[in-house]
Amino acid sequence: MGKYDPAVSNGWKDRERDDQEETGVKPSELVEIVSRVSAGAKLIVVSNREPYIHERVEEEIRVVRPAGGMVTALEPIVRAVGGTWIAYGGGSADRLVVDPQGRIALPPDDPKFTLKRVWLSRTEEKGYYQGMSNTALWPLCHIVYRRPDFSRRDWEAYKTVNRRFCDAVLEEAGTDPAIVFIQDYHFALLSRMIKDARPDLRVIQFWHIPWPNREAFRIIPWEEELLDGLLGNDLLGFHIQNHCNNFLETVGRAIESLVDYEHFRIFRGGHPTYVRPFPISVDYDQIGKDVESPEVEKRRNRFLKELEEDVQDTTVYVGADRIDYTKGILERIRAFDLMLSKYADTRKKVTLVQLAAPSRTAVAAYRQLNEELNEEVEQTNGRHQTEDWVPVRFLRAHHDYYAVLAACRLGHVLLVTSLHDGMNLVAKEFISARTDGDGILVLSQYTGASREFPDALQVNPFDLDQMADAMYAAFLMPEEERRQRMERMRNTLEKNNVFQWGGNIFAEVERTSSLEGIS
Ligand code: F6P
């Protein structure tokens, strides 16, 4: 057992992968990789959030794309590769459009995969989603000094719902071989349940949020069950190496297992789980096309109308987030306020346009944040606004994909100030959308994305003075420097697109299977 060394742990990056990194994997190449690896096995993807939600709006049924990184990243992959996606059917019209097995072909206008919806009762949703997932695991894994709350009742609901999804996976797999690709912290127990029933299925999981250090994680009363659950996976992915290291350390100190630092794998009951970093991304090429579409133009005009066009003569700072305390929205507004106080030349010359999607409002911490945000915006505007200038425009609504792209082009600067974030895909959407080669990214050093973009203006969101100074540096930055930085970020992202992410995961399934002698 060798000592852990990040250079050695990256040794699994083989030549083939380095070659691929020159151009970035294309959708057709990903399809090839997945077909080769799955060799006829079904692909079953599992997530809590569904890629398309059917909502009843008066007499109509509308299809809504949810806010959040997981769907943004995964949908283009499943669209390219096909298969079945199992998710919670939470929309008000979800039941009206599916077959008796809860299935529907999607996307609506050009079906490429099947969505199978799992129905949850209100009590199940409350315990598993609002409770265990978003009141316990979410704050536990994000180090933002928000205390997690643990409830035995929520834990019971979480187990029940993981079992329900396991039943759905087994039903979809039938007696055939399958590769099951599980998403996120809603399903820490699922891989173990699947493997107990069907040891022959290949099971992969990607954890879309950070994994904390062991000292932080150990307070959860069900540490052993959660870790044992995750070790049912054959391959477990995190965004960055640091989260993999934290996971190995947590397991090594918490439960009986053999941690192999040389190959970055863990044996539990003789079964190996390989642990790897896979930095998630977005569909760079598609965003570059979509940003020029009439849909985006429409949203842009709508914004300009709503903002009364008076933002146009100012440097526009944009934020686009779910309203979540991990995103550092309060801190961002405070730093913007500070910039206005510190640097008089910015007054009437800058605007902060914050797109804010209501999220998880059934959870108390999120409701409280909404109130705090209202106050913060009011106070900042109260301090600085003039007759013809409102410094902070807070647009609380669900903004669709095209609206986010429109905002990325409306803004001169994107503010990503997460206190802790697995990756942050808005940063990558912004870079992809800047086909004009301009734009500045202010990026929290506590996002996974900060590893890939040294050309962003990196900030510590807990340091308001530094953030205000970075915002001011963005205000002053000459065009030539902006363009140089953006060009380098775009080159990086072109290679590290979402198909590269998917390709790396499936190539690693192939590689680790052959190490284990599985054909
Ligand atoms: O990975 C973080 C995550 O929970 C994703 O699963 C999801 O896309 C996003 O945050 C939004 O959260 P929710 O599905 O709870 O609205």
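## The ligand shell

The shell around the ligand is made up of 6 nonpolar, 4 polar and 4 charged residues. Here Ala, Val, Leu, Ile, Met, Phe, Trp, Tyr, Cys and Pro count as nonpolar, Asp, Glu, Lys and Arg as charged, and the others, Gly among them, as polar. This is a predicted model, where local features need pLDDT of at least 70, side-chain atom pairs count only at pLDDT 80 or more, and totals for chains, interfaces and linings use all residues. Residues are numbered from 1 along each chain as its sequence is written, and side-chain values use heavy atoms, leaving out hydrogens and water.

Helices α4 (69-81) and α5 (122-141) each bring at least two residues to this shell; helices are DSSP runs (H or I, at least four residues), numbered from the N terminus.

Which of the 14 residues around the ligand come nearest? They are Arg49, Tyr129, Asp184, Tyr185 and Arg360, where a residue is near a molecule if one of its heavy atoms lies within 4 Å of it.

The ligand taken alone exposes 380 Å², and the protein buries 92% of that (Shrake-Rupley method, 1.4 Å probe).

## Around Phe475

Let us turn to another residue. Phe475 sits in helix α17 (residues 464-476). Leaving aside residues up to four places away in sequence, Phe475 touches Thr315, Tyr317, Asp345, Thr346, Lys349 and Val350, with contact meaning heavy atoms within 4.5 Å.

Between Phe475 and Glu59 there are 416 residues in sequence and 47 Å in space, C-alpha to C-alpha.
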